[in-house]
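Subject: Handover of the structure

Hello,

Here is the structure I promised to pass on. Please open it first, then read the notes below.

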Amino acid sequence: MAKKQTNDDTSQINTMNSIPKTYKNYINGEFPRTESGRYYSVEALDGKHIANVGLSTRKDVRNAVQAARKAQASWANKTAYNRGQIIYRIAEILSGRREQFTNEMVLLGYSKEAAELEINACIELIVYFAGWTDKIGQVFGSVNPVASDHFNFSRQEPVGVVGIISPETPSLLGMLGLLLPNMVAGNSQVIIASKQFPLPSCTFAEVLATSDVPAGTVNIITGLKSELIPPISKHMDVDVLVGDCSLDSELRVMCELESASNMKKVYFWESFNSLEELNSSPNETISTCLHSLKDPYHILHVQEVKTTWHPISE
Amino acid sequence: MSEKNLSDQSTRSNQASISIDWSYANAPESTSHVTFSKHYGLFIDGSFTEYNENQSFESINPTNGESLYRCTEANKSDVDAAVTAARKAFKGTWGTTSGTQRSHYLYRIARMLQERAREFAVLESMDGGKPIRESRDIDIPLAAAYFFYYAGWADKLAYAFPGKSPKPLGVCAQIIPWNFPLLMLAWKIAPALACGNTVVLKPAETTSLTALKFCELLQDIGLPDGVVNIITGAAKTGEYLVQHPDIDKIAFTGSTGVGKVIQQSIAERQLPATFELGGKGAFILFDDAALNEAVEGIVNAIFFNQGHVCCAGSRLLVQEGVAEKVIDLLKKRMQHLIVGDPLDKNTDIGAVNSKEQLETIQRYVNTGIQEGASCFECSGPLPTSGYYFPPTILTGVSQSSTVVQEEIFGPVLTIQTFRTTDEAIEKANNTPYGLANGIWTDKGSKIFYVGSKLKSGVVWSNTYNKFDPTSPFGGFKESGKGREGGISGLHAYVKLDHNGGMY
Amino acid sequence: MIDRIPIDAVGIQERVARICTRSIKKESKLQALDLALRMMDLTTLEGSDSEGKVRQLCNKALHPYTELPNIPSVAAVCVYPNRVALAKSILKNSSISIASVATAFPSGMSSLQIKLDDVKFAVSEGADEIDMVISRGAFLSGEYAKVYDEIALIKEVCGTAHLKVILETGELGSLENVRMASDLAMKAGADFIKTSTGKISPAATMPVVLVMLQAIRDFHETTGRKIGMKPAGGIRSSKQAIQYLVMVKETLGNDWLDPSLFRFGASSLANDVLMQWVKEKTGRYQSLNYFSND
């Protein structure tokens, strides 16, 4: 039987000097608790309790989608330059909070080295995508030489509200790889955070809340994928579902099946790292992941093409 | 229903009529927070050289004709030092910097320009004469936007050149004019750096100040030494730069005359070169246009920035049926233009950049009158000191008049009429220039038709003098070669294969 | 009967933006504040306007701010027809006019006869000015002759009272419609054209006002008659009011800078103008605690 550790009086008083944070959902620019009041315990690698996080329900999904829909039009109507600046500022804010993130990631099982490399990669990825807002149309749009006296042009437009299913890794990079192309495209988002490693996503909500991202543009909720994917995949006011390829195959099939209800577009791409690979060769794993995420074609996936005709005549 | 006979106004409303003559009091922009030096050296290899009185020249504040500061006239060995520094940086630090890193530097430049925006705006107005409202609302924000835009290309060049592996050209020699000093600097430096080049830039001799302040900003950001070098000076300095054997590219914005001289002087070297030269834009106003907005467009096209705009709509071509109405509306609008101290927030038209330019403008107007034109100028008072010219319109001119053929570069508009669409197109194209034109009509199909026939690099429809970093700008014919802005703006700064660059 | 004038909304927006960059300071600001006060139609148009409420408004009109001498009077008070008599009794010895809304305000959705009777009632109660509403439904379905005739008939029963025609620009859908409605109203006999009832949003906006001022300018050019303009609703700050004055000056000239040709339909604007005034005189930013809120 292990000897119980006793702490003397001073050290007990010391431990209450820290004020552990209550992690909540992020919806419409605010931090509400899940309407169900249920929670689950997030644990460190050694089993120690780190935080309680909400077990969100379909009602939270409903609220988040409403907020996203309300915010989408004005996000899309900002100039590309403005959106680019706002996304760049997310990087500025994240950069200032490096330590907060690396500390959390270490608790979750990252080596310190991997955590620092990953945060740098996240910042780099945000800056990379910030630069696409006012270029994607130039590279992928077109003026089409139709065989009649018409001026004909094709432009990319946002699709609307996107449901994002985060991979089950502690990786913020993976979640950002799904989020950023959508923001660039002019969509608004509801993100279902990783169930086992929700903290970086919850903390990222603080970054969003303190940068210039308008309320409701990005919403983040925590909980069980098995409880949250059904309502979001069936939701008639969600236009796109985006997720990581590692999603459980049954849930993935559900996404494809339920998307038929309103012909949602469904895209899965590889965005995550496994913790073991990360800790064993962080440099290589992160730079490979970063390289594969720096892909403007992900933006194209979540945009519509609109083609317009106009006569050319005296 | 009949028109009412309403000559009798209501009588029960008993408001006493007290007509007042309401004018705007002075609203000076504060300059107390702004700092600049009285003497500047050259910015070479990351630091300023020591100022030497014997090698200096003064820069005049056009508001009062007084000396504002002195800077150094770069001689042949200074130019050599600058090119050497640029070459060293290209081979060493900058040449090995990744696109991602380059983008981070350029983003920082954009952000810091935003942070220091007001100071730059005040200095731009003091040095060059343009109204503070223009430098504050247009020049400086747009300069930051060009850096922001090109920052985003630095790590994405493969997408701008599908099928090719773009490489930088090397050391770029850049010469810019005095009409939009900081903005022209941004148009040159941002794409050059994004593509991995290093730069030696010569600002115009009457407007060096914001370029020199920009160097301080580069030091604060920690841009590696030698990536950007600024050498102040006049025509001689420009010559040394263009003739230097170790430059890889020339970018020049200025008059067509000087552009031709440069083109001739590099003939034996087959150097890639882009030129953005003069213009004589036509402002084509159809009878089905939104006339009030068109009149405001005319004001934007020719009177703002004192007409010192290469793409200015300096020739109004108005459809005969609405000519009288338009001229009447224009004259009324001109009466509300305020010519005054550039640092007054209500000033619409600031100072002409220099004594020489003022004399040039006056000469042209005199020639116009001699050749038979009628002249109308806005009647507001002009400041008593400094270089000022009132917004002016010249009617009774024809296609062959000197004032219609030659670029005046001042707030002077010539007015001609036309009858048919094709006539307007012919007149608009009948010039050796081809920088920009404007089309004003409510009919979309006409915009596309006329636009497709105009021989100019820029066509503005129902708007004028609009600039954006994503939008390519440049001229046909003697207005130049190459484009700045957009993906086209990158073409000038890369080499795509063993054949070299695109220009 | 009325030509459709093409209007470019982006161009209008740009002209508005430039007008808003005017910096009005020192003595020109004081002049503007003085003008704004003199041009004000202090307004209360609520279903809950009891006698006491209207009395309060009239008292405010008579004594806007007792701390400062020489505060000019507002131009008018604006009330519903059944409060005209009361307002008249309080203000009869002042220079302040009584304006009354009429014609089934704010919707105008009633028979022509009722609308005419509404006007006659207000006039008989002592109204000096009538603010009528046009039939927007008829306008939007292209029945321009009907809209025109209504205005003309209402003008007739106004007698010597001056007629403001409310276009309800927030319902008209486009700047080109605003221009058409303005031209129509002026041709039919309006003494003033007015933007809004203040009961819907958007009420007065700068692009709409600019278009209406341009219409007035062109009408004056063709007929020689000067028609007045009144933006109403949504004007809460002196800064906005001054921007409108700049717009009037640069579109119509100094002649229109007069309460006989320009009014502000507002209620809370009065206190903001007074606060700005006192700030200009004393150098201190003010608090609403020091200004009566009748």
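**What was found**

Chain B has 503 residues, and a compact globule of that length would have a radius of gyration near 23 Å; the 24 Å of chain B agrees with this. Please keep in mind that this is a predicted model.

**The chains one by one**

Staying with chain B, its C-alpha trace spans about 85 × 50 × 45 Å along the principal axes. Chain B holds 16 helices and 20 strands.

Chain A has 13 helices and 10 strands. Its C-alpha atoms fill a box of roughly 95 × 40 × 35 Å, taken along the principal axes.

**How the chains meet**

Which chains share the most contacts? There are 2 pairs of chains in contact, and chains B and C come out ahead. Chain B brings 35 residues to that contact and chain C brings 42 residues. On the side of chain B that touches chain C, helix H10 (residues 291-303) of chain B gives the most, with 4 residues. That side has 11 nonpolar, 14 polar and 10 charged residues.

Chain B also touches chain A. Here 23 residues come from chain B and 20 residues from chain A. Three helices of chain B each supply at least two residues of the side that touches chain A: H2 (99-115), H4 (132-151) and H15 (444-453). H15(B) has the largest share, 6 residues. By class, this side of chain B divides into 10 nonpolar, 10 polar and 3 charged residues.

Chains A and C are a separate matter. No contact joins them. Their closest C-alpha atoms lie 15 Å apart.

**Two helix pairs**

Take chain A to begin with. The axes of helix H9 (residues 225-234) of chain A and helix H10 (residues 249-258) of chain A come within 8 Å. They cross at roughly 15°. An angle under 35 degrees counts as roughly parallel, and H9(A) and H10(A) are therefore roughly parallel to each other. The crossing of H9(A) past H10(A) is right-handed. H9(A) makes the contact through A:Lys225, A:Ile229, A:Pro230, A:Ser233 and A:Lys234. From H10(A) come A:Leu251, A:Met254, A:Cys255 and A:Glu258. In this contact of H9(A) with H10(A), 5 residues are nonpolar, 1 is polar and 3 are charged.

Now chain C. Helix H2 (residues 26-38) of chain C and helix H10 (residues 238-252) of chain C have axes that come within 10 Å and cross at roughly 95°. That makes H2(C) roughly perpendicular to H10(C). H2(C) contributes C:Ala32, C:Leu33, C:Leu35 and C:Ala36 to the contact. H10(C) contributes C:Ser238, C:Ala241, C:Ile242 and C:Leu245. The contact of H2(C) with H10(C) has 7 nonpolar residues, 1 polar residue and no charged residues.

**A hairpin in chain B**

Strand E4 (residues 56-61) of chain B pairs with strand E5 (residues 66-72) of chain B. The sense is antiparallel, over 6 bridges. B:Phe57 stands opposite B:Cys71 in E5(B). E4(B) and E5(B) form a hairpin, with 4 residues between them. B:Gly65 sits in the turn and has a positive phi of about 75°.

**Backbone details to look at**

Where in chain A does A:Met263 lie? It lies in the loop between H10 and strand E9 (265-269) of chain A. A:Met263 has a positive phi of about 55°, although it is not a glycine.

Chain C has cis peptide bonds to look up. One runs from C:Phe105 to C:Pro106, with omega near 0°. C:Pro106 is in the loop between strand E3 (97-101) and helix H5 (112-125) of chain C. Another cis peptide bond joins C:Ser201 and C:Pro202, and its omega is about 5°. The place of C:Pro202 is the loop between strand E6 (192-194) and helix H9 (206-223) of chain C.

Best wishes

Conventions:
Residues numbered from 1 in each chain as written. Chains lettered and ligands numbered in written order. Predicted model: local features only at pLDDT ≥ 70, side-chain atom pairs only at ≥ 80, totals over all residues. Axes fitted to C-alpha atoms, helices over the stretch in contact; angles between N-to-C directions. Parallel < 35°, antiparallel > 145°, perpendicular 65-115°, else oblique. Contact = placed C-beta atoms within 7 Å. Nonpolar A, V, L, I, M, F, W, Y, C, P; charged D, E, K, R; others polar. Left-handed = near helix turned anticlockwise from the far one by under 90°. Pairing = 2+ DSSP bridges. Rg over C-alpha atoms; globule rule 2.2 N^0.38 Å.
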